[in-house]
Amino acid sequence: MDLSGKIAVVTGAGQGIGEGSALRLAEAGVAVVCVDIDRAALDETVKAIRGNSGSAVGVVADVSTREGNQEMVARARTEYGRIDIFHANAGSPFSAVSSRMKYRKC
């Protein structure tokens, strides 16, 4: 599958699976909006992508909040005009969604 020219957003791009995904997408010719709450780790991922002639921007945002998600999307639109691929990798044990979930005994 040819992904060159596509635009991806990868949350949790500062380390682990998110970092690996961002790097691999960039190798495939995808421009990557890297999102993480850890600026130093995020900067390293963006630097690695750009160092291999890839296109990347970093967004420091907490995607467990509405504001963080709005910042992420706004930056992707400003930098690249659209989002073709969204990799929701960031993990949070107390995300906004899970805090509203109702659990019942099965």
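E79 and R75 form a salt bridge, with the closest N and O atoms 3.2 Å apart. The term covers a side-chain nitrogen of Lys or Arg within 4 Å of a carboxyl oxygen of Asp or Glu. Both residues sit in helix 3 (residues 66-80), four residues apart, about one turn of the helix. E79 is partly exposed, at a relative accessible area of 37%. R75 is partly exposed as well, at 28%. Here buried means under 20% relative accessible area, exposed over 50%, and partly exposed in between (1.4 Å probe, protein chains only).

The model is predicted: local features need pLDDT of at least 70, side-chain atom pairs count only at pLDDT 80 or more, and totals for chains, interfaces and linings use all residues. Residues are numbered from 1 along each chain as its sequence is written, and side-chain values use heavy atoms, with hydrogens and water left out.

The structure holds three salt bridges. One of them joins R24 and E27, at 3.6 Å from N to O. These residues lie three apart in helix 1 (residues 16-27), about one turn of the helix. R24 and E27 are both exposed. R82 and D84 also meet through their side chains, at 3.0 Å from N to O. R82 is partly exposed, at 38% relative accessibility. D84 is partly exposed too, at 35%.

Four strands make up an open sheet in the order 3-2-1-4, with parallel pairing. Strand 3 (56-60) and strand 4 (85-87) are at the edges; each has a single partner strand, so one side of each lacks a neighbour in the sheet. Neighbouring strands are turned by 15° against each other on average, direction ignored. Helices (H or I, at least four residues) and strands (E, at least two) are DSSP runs, numbered from the N terminus. Two strands pair if DSSP finds at least two bridges between them.

Which strand pairs with strand 4? Strand 1 (residues 7-11) does, in the parallel sense, over three bridges. Within this pairing, V9 has F86 of strand 4 as its bridge partner.

Helix 1 packs on the sheet and touches strand 1, strand 2 (31-36) and strand 4. Contact means heavy atoms within 4.5 Å. The direction of helix 1 makes about 165° with that of strand 1. Axes are lines fitted to C-alpha atoms, for helices over the stretch in contact, and angles run from 0 to 180 degrees between N-to-C directions. Helix 2 (residues 39-51) lies across strand 2 and strand 3, and runs at about 175° to strand 3.
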